[in-house]
Amino acid sequence: MDKDWNKYRDKIIGLGEHSLHKSYYPELQKQIDSLEATQRNLQTIINSISDAIIIHDEEGKFLALNDRAVSMYNIDKEECNRFSVYDITSQKQDTSDLKNIWSLVLDNQPQVFEWICKQYNKNVEMETQVSLSPTLWNGKAAIVAVVRDFSERKKFENELIKAKEKAEEANQLKTEFLKNMSHEIRTPMNGIIGFADMLADNDLTSELRESYSKIVQESSYELLKIIDNILEISKLVTKQIPLLEDTFCLNDIFKELNNQFNSKSIQHDIPIRIKTELNDFNSYINTDKSKLYKILNILIENAFKFTEKGYIEIGYTLNDNTIVLFVKDTGIGVFPQNKELIFERFSKVNTDISKGGLGLGLAIAQEYSRLLGGNITIDSENGKGSTFYLSIPYKPLVN
């Protein structure tokens, strides 16, 4: 920034360190040396500032830059006069009011605002805070801009906002969970208590006694399942469930599942189709059988819950070193925006209370899939059914 001064002061004969003869005026020479030292110190200070400093005219044309501005905007200091504020402004930034802002600054009204900048000739953008103040440059009115890169701070602020939103969402989900759990627990409890009382009636026929006993038994199993799910998700969250690998026939699991859900299939008139790709010997794999069975059990239960007509298809395909298991239904499907939400703990996309459930099943299934080294995804269209895919490493039986 001392270039112009050097140009003019060297023309003063007998003055300055660059003159052929030292000044005959020692006091004047001493003041000049002091001024030059002060200017050098000031320049050093300006260049050491971590913020970019730009001096520009009322049209935005650059007059001078500090070192930080040079590196920040990828501009050669010696050629800074070729550039203007517009050259370092992102296309995302609205510049329509910029000249009005400069007019206010030149009218001795400093301005502070946020601005999206970019590096010259590069695709690098920065969110910044700009402070503008009036100044003089070579005797003419100018503007000094102090620019602070806020990119990291903005990133941190956005992360905080997301964390806050997620915390609020989690709090809301827990509230919904507690409200839902109250209903879910009361339903089987009412069945147990109510029909247990009725069983005490000595005048009951054997048929009614058998029917009531069955209701008490089913309600007890339902209550036990609810409690098990709550305990299970808490263990998964705290990483207290170990992985126990075993060697077993994958085809046998689908036969077992078919037998387990056979009565429900007949009751709801929804047939179960099985589609397997390997023969029994080649379908022997090494993984945690109980967890794999639990995942498929949850997915099939879920399919029955939301399918009123059509069919359910279960099976697997082999894709290189990955087994892709699937459960397909012709049920109500899922909206695209809810595909990730359904795997969140305590979430229920379908709020129909008659469907039951605490919103833990798919969350448990996803956690188990990760323990197996896999992942669950969904392909679905609202009103046209869903297909859940479980991809896990294929570990065949070693000969």
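Tutor: Start with contact: it means heavy atoms within 4.5 Å. Helices (H or I, at least four residues) and strands (E, at least two) are DSSP runs, numbered from the N terminus. This is a predicted model, where local features need pLDDT of at least 70, side-chain atom pairs count only at pLDDT 80 or more, and totals for chains, interfaces and linings use all residues. Residues are numbered from 1 along each chain as its sequence is written, and side-chain values use heavy atoms, with hydrogens and water left out.

Student: How many helices and strands does the protein have?

Tutor: Ten helices and twelve strands.

Student: Which residues of α7 and α9 meet?

Tutor: From α7 come L250, I253, F254, E256, L257 and Q260. From α9 come K289, L292, Y293, L296, N297 and I300. By class, that contact holds eight nonpolar, two polar and two charged residues. Here Ala, Val, Leu, Ile, Met, Phe, Trp, Tyr, Cys and Pro count as nonpolar, Asp, Glu, Lys and Arg as charged, and the others, Gly among them, as polar.

Student: Why are α7 and α9 called oblique?

Tutor: Look at the angle. Helix α7 (residues 250-260) packs on α9 at about 40 degrees, with the axes 11 Å apart. Axes are lines fitted to C-alpha atoms, for helices over the stretch in contact, and angles run from 0 to 180 degrees between N-to-C directions. Under 35 degrees is roughly parallel, over 145 roughly antiparallel, 65 to 115 roughly perpendicular, and the rest oblique. The pair is therefore oblique.

Student: Which hand does the crossing of α7 and α9 have?

Tutor: It is right-handed. A crossing is left-handed if the near helix is turned anticlockwise from the far one by less than a right angle, and right-handed if clockwise.

Student: What makes α9 and α10 roughly antiparallel?

Tutor: The axes of α9 (residues 289-305) and α10 (residues 361-371) cross at roughly 150 degrees. Antiparallel begins over 145. The two helices are therefore roughly antiparallel. Their axes come within 9 Å, and the crossing is left-handed.

Student: Which residues make the contact of α9 with α10?

Tutor: α9 brings K291, K294, I295, I298, L299 and N302. α10 brings G361, L362, I364, A365, Y368, S369 and L371. By class, there are eight nonpolar, three polar and two charged residues.

Student: What makes E232 and K294 a salt bridge?

Tutor: A salt bridge is a side-chain nitrogen of Lys or Arg within 4 Å of a carboxyl oxygen of Asp or Glu. E232 and K294 meet at 3.5 Å, N to O. The pair qualifies as a salt bridge. E232 lies in helix α6 (residues 206-237) and K294 in helix α9, so the pair ties together parts that are 62 residues apart in sequence.

Student: Why is E232 called buried?

Tutor: Buried means under 20% relative accessible area, exposed over 50%, partly exposed in between (1.4 Å probe, protein chains only). E232 has 13%, so E232 counts as buried. K294 has 24%, so K294 counts as partly exposed. Of the 399 residues of the protein, 37% count as buried.

Student: What does E232 touch, leaving aside its neighbours within four places in sequence?

Tutor: I241, K294, I364 and Y368.

Student: How do you know that D67 and K77 form a salt bridge?

Tutor: Their side chains meet at 2.7 Å, N to O. D67 sits in helix α3 (residues 67-73) and K77 in the loop between α3 and α4 (98-106), ten residues apart. Both are partly exposed, D67 at 38% and K77 at 26%.

Student: What makes R82 exposed?

Tutor: Its relative accessible area is 55%, so R82 passes the cut-off for exposed. R82 meets E79 in a salt bridge of 3.1 Å, N to O. E79 counts as partly exposed at 38%.

Student: How many salt bridges does the rule give?

Tutor: The count is 18. Among the residues involved, E114, R153, K154 and E157 are linked in a network.

Student: Why is K61 called partly exposed?

Tutor: Its relative accessible area is 41%, so K61 falls in the partly exposed range. K61 is in the loop between β1 (52-56) and β2 (62-65).

Student: Which residues does K61 contact, leaving aside its neighbours within four places in sequence?

Tutor: I55, H56, N81, F83 and S84. The C-alpha atoms of K61 and S84 are separated by 4.1 Å, though these residues are 23 apart along the chain.
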